[in-house]
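Please read the following note with the sequence and the model side by side.

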Amino acid sequence: MTYIPTSHRLTYRLDVDRGRYIVKECEPGFCKVPRELTVEERRFNDKIDAEFILRGPETQKKGTGKGAGRTIKFFTGLQRTDHAGVYIGNVMTFGQGGSKVRNGVLIHFSADAGRMVLRYFPAYYPFPKDRAAFVSAIVNRGLL
């Protein structure tokens, strides 16, 4: 039996004019995931093992020159799973004492990509050998 941790479900719709997904449904008071998200194809960096990049609106890309950095508020690569339209990723946050915390995300895109369902798992990201079973358990229980 696969462990299913506490999670939060958000539904987004694609705003074609702005090129972003805008939140449509969210649990009251839940604010760990931005209300607007951008999905883009992974380009340039072959070290990232992801098909797509999911980022929040306040994520600024790396600049050039001395002192140029990047501000990251919400960012993850999305890896394809065995289920059609379902991707997995993880978002890094900082816990007590500055320790890094991995928060898992599962994304399901509708066939026309006009709707996106995101399930956020605070402080939980499955080990590589457990990911396929974890994704299947979530999908089979209708949680996406």
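**Note on the predicted model**

1. The backbone nitrogen of aspartate 17 lies 3.2 Å from a polar atom of the side chain of aspartate 15. This is a polar contact, defined as a pair of N or O atoms within 3.5 Å; within protein, one must be able to donate a hydrogen and the other to accept it, and residues adjacent in sequence count only if both atoms are side-chain atoms.

2. The model is predicted, so local features need pLDDT of at least 70 and side-chain atom pairs count only at pLDDT 80 or more, while totals for chains, interfaces and linings use all residues. Residues are numbered from 1 along each chain as its sequence is written, and side-chain values use heavy atoms, with hydrogens and water left out.

3. Helices (H or I, at least four residues) and strands (E, at least two) are DSSP runs, numbered from the N terminus. Of the 144 residues, 37% are buried, where buried means under 20% relative accessible area, exposed over 50%, and partly exposed in between (1.4 Å probe, protein chains only).

4. Aspartate 15 belongs to strand E1 (residues 8-15). Leaving aside residues up to four places away in sequence, aspartate 15 touches Arg20 and Ile22 (contact: heavy atoms within 4.5 Å).

5. The whole structure holds seven aromatic pairs. Rings of Phe, Tyr and Trp (its six-membered ring) pair if their centres lie within 6.5 Å; planes under 30 degrees apart count as stacked, over 60 as edge-to-face and the rest as tilted. Phenylalanine 52 and tyrosine 87 form an edge-to-face pair, with 5.4 Å centre to centre and 80° between the planes. This pair links strand E4 (residues 52-55) with strand E6 (residues 86-94), its members being 35 residues apart. Tyrosine 87 counts as buried because its relative accessibility is 7%.

6. Tyrosine 124 and phenylalanine 134 form a tilted pair, 5.4 Å centre to centre with 50° between the planes. Tyrosine 124 lies in the loop between strand E8 (115-121) and helix H1 (131-140) and phenylalanine 134 in helix H1, so the pair ties together parts 10 residues apart in sequence. Ring pairs link Tyr3, Phe121, Tyr124 and Phe134 into a cluster.
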